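Trainee: I would like to work through this model with you, beginning with the overall fold and ending with the spaces inside it.

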Amino acid sequence: MASWNSTPLEVAYQVFGWIAFVSWSISFYPQVILNYRRKSVVGLNFDFLVLNLTKHSSYLIYNVSLFFSPVVQKQYFNKFGKDKMIPVAANDVAFSTHAVLITVFTLFQVIIYNRGNQRVSTICILITTAVWISAAICSFVAISKHSWLWMINVFNIIQVTMTVIKYIPQVVMNFRRKSTEGWSIGNILLDMLGGVTNYAQMAMQSIDQGSWENFYGNIGKIMLSLVSVFFDLVFIFQHYVIYPSKKQKTASKADVATNFSEPSEQVDVRVV
């Protein structure tokens, strides 16, 4: 496996990676805390949670396999060259492990807190079932041919697909409710920071190696960043521009009332 050519770039790689890990890991907690304070999960789309669990579980399988398995690493080097670096870092493994656990905990909150008339849609159930059945079939094929790298790439494709579609139910739900109440914007802001720094981490490795193999060698990681940032911008636009919270609206009305009342008070004083 190749080694780093530049110590500053290696340090930057580690720094960006762990910033991404901390940002993405913490990003789950504003929603968890919001659910706890409201004792309600109304406004949080359950399809998003189920698809998110499938996405992070697939990503965990990919990261753990490529980071720890010598057999998978050997097949990776045979495909991309022995002078290349493994495109999975320790922070990737740590993040995906934490993501699965905290998503399971959030689903537990769905069970114990008020959820109104919300439920997991039939479409989501069908998609999730089809994904795991497909993964099981591909695993059996890989075992018979010892195609371990191909198998984990299947899970990488699954996590990319889930990344693309998992946000859509929440975007649609916000649109139908004309509100983002119950959906934590703190989650989105931290998620966006994680996506940007994750992309920066990959760039540091590519610049050091003078090659972009780590991008198309781990298309899942790059798609994770790009798609996450895109939908984060959509949520930010929904929250702050299209559907501002009631508190923001109240504050705006109060400001307008104050602006109109001040001139009238001055007129009254002059008349007296």
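Trainee: Which share of the contacts in the chain with a separation of 6 or more comes from residues 24 or more positions apart?

Mentor: Bear in mind that this is a predicted model. A contact here means heavy atoms within 4.5 Å. Among contacts in the chain with a separation of 6 or more, the share that comes from residues 24 or more positions apart is 85%.

Trainee: How many helices and how many strands are in the chain?

Mentor: Read from the N terminus on, the elements run α-α-α-α-α-α-α-α-α-α-α-α. The count for the chain is accordingly given as 12 helices and 0 strands.

Trainee: What are the end-to-end C-alpha distances over residues 93–113 and over residues 148–168?

Mentor: Both ranges are listed by UniProt, in an unreviewed entry, under the feature "transmembrane region", and the other ranges in that record include 15–36 and 222–243. In the model, residues 93–113 are 95% helix and 0% strand, and residues 148–168 are likewise 95% helix and 0% strand. The end C-alpha atoms are 30 Å apart over residues 93–113, and over residues 148–168 they are 32 Å apart.

Trainee: Which element gives the most residues to the lining of the largest cavity?

Mentor: There are 3 cavities of 30 Å³ or more, and the largest has a volume of about 220 Å³. Of its 20 lining residues, Ser-27, Phe-28, Phe-48, Asn-52 and Asn-187 are the closest to the centre, and by class the lining has 10 nonpolar, 7 polar and 3 charged residues. The elements that give two or more residues to this lining are α1 (7–27), α3 (46–68), α5 (90–112) and α9 (185–209). With 5 residues, the element that gives the most is α3.

Trainee: And which element gives the most to the lining of the second largest pocket?

Mentor: This pocket has a volume of about 280 Å³, and among its 14 lining residues Asn-45, Asp-47, Ser-121, Pro-169 and Val-172 lie nearest the centre. Two or more lining residues come from each of α3, α6 (122–145) and α8 (168–177). By class, the lining divides into 9 nonpolar, 2 polar and 3 charged residues. The element that gives the most, with 6 residues, is α8.

Notes. Residues are numbered from 1 along each chain as its sequence is written. This is a predicted model: local features need pLDDT of at least 70, side-chain atom pairs count only at pLDDT 80 or more; totals for chains, interfaces and linings use all residues. Side-chain values use heavy atoms; hydrogens and water are left out. On a 1 Å grid over the protein atoms alone, a cavity is a set of points where a 1.4 Å probe fits but cannot get out, and a pocket is an open set with protein on both sides within 12 Å along at least five of seven lines; lining residues have an atom within 4 Å of a point. Grid points are joined across faces, edges and corners, and a volume is the space filled by probe spheres set on the points. Helices (H or I, at least four residues) and strands (E, at least two) are DSSP runs, numbered from the N terminus. Ala, Val, Leu, Ile, Met, Phe, Trp, Tyr, Cys and Pro count as nonpolar, Asp, Glu, Lys and Arg as charged, and the others, Gly among them, as polar. UniProt positions are given in the numbering used here, feature names are shortened, and annotations may be inferred rather than shown by experiment.
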